[in-house]
Amino acid sequence: MTDNHTPQVRSYNMSKIHSKNTKPEVLVRKYLFSKGLRFRKNDKRYCGHPDIVLPKYKAIVFVNGCFWHMHEGCTKFVLPKSNIDYWLPKLQRNKEKDRINILKLQADNWRIFVVWECQLHKSCIDDTLKTLYNNIISVEKY
């Protein structure tokens with residue numbers, strides 16, 4: 001299957017994809033902030049540069065895009081049909097780095113929460129964010 005876009009259009013589209021301050025990440029941050037939680041964002045001191053770090057609760061939140069982190073069983077993750085020799089190893093490396101970073105953070109006694117892009121769809125965003133908030137505050141201050 002060939003690409004529907006010219007190389008210039010594809011390059012432009014890909015250049016607009018960023019790793020920080022994505023719409024799903026901003027949604028989660030705004031919700032947690034509105035509930036009174038204060039946090040650090042994209043803190044480089046921790047493995048994987050977590051999207052949200054809540055030191056008071058010893059909690060870390062990763063907001064993952066379903067495509068970039070290979071969310072298994074999700075309709076938003078479809079392996080590209082073109083340039084498979086590039087995409088498959090790249091996405092598998094992302095997934096493996098995620099696993100290693102989570103293990104390192106857990107070894108340092110951090111509680112890890114992963115919110116997937118598909119969990120922030122209009123039909124389930126309220127339940128996802130309420131559950132995340134309740135899980136974060138469920139443990140007393142360390």
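These exercises work through aromatic pairs, charges over rings and salt bridges in a predicted model.

Residues are numbered from 1 along each chain as its sequence is written, and side-chain values use heavy atoms, with hydrogens and water left out. In this predicted model, local features need pLDDT of at least 70, side-chain atom pairs count only at pLDDT 80 or more, and totals for chains, interfaces and linings use all residues.

**Exercise 1. Classify the ring pair F67 and W87.**

Step 1. Set the rule. Rings of Phe, Tyr and Trp (its six-membered ring) pair if their centres lie within 6.5 Å; planes under 30 degrees apart count as stacked, over 60 as edge-to-face and the rest as tilted. The count by this rule is six aromatic pairs.

Step 2. Apply it. The centres of F67 and W87 are 5.5 Å apart and the planes stand at 65°, so the pair is edge-to-face.

Step 3. F67 is in the loop between strand 3 (59-64) and helix 3 (84-107), W87 is in helix 3, and they are 20 residues apart. Helices (H or I, at least four residues) and strands (E, at least two) are DSSP runs, numbered from the N terminus.

**Exercise 2. Which ring does K58 lie over?**

A charge sits over a ring if NZ of Lys or CZ of Arg is within 6 Å of the ring centre and within 35 degrees of the ring normal. K58 lies over the face of W110, 4.3 Å from the ring centre.

**Exercise 3. Trace the salt bridges of D43.**

Step 1. A salt bridge is a side-chain nitrogen of Lys or Arg within 4 Å of a carboxyl oxygen of Asp or Glu. The structure has five.

Step 2. List the partners. R40 bridges to D43 with closest N and O atoms 4.0 Å apart. For R45 and D43 this distance is 2.8 Å.

Step 3. D43 is buried at 8%, R40 partly exposed at 35%, and R45 exposed at 59%.

Step 4. Join them. Shared partners link R40, D43 and R45 into one network.

Terms used: Buried means under 20% relative accessible area, exposed over 50%, partly exposed in between (1.4 Å probe, protein chains only).
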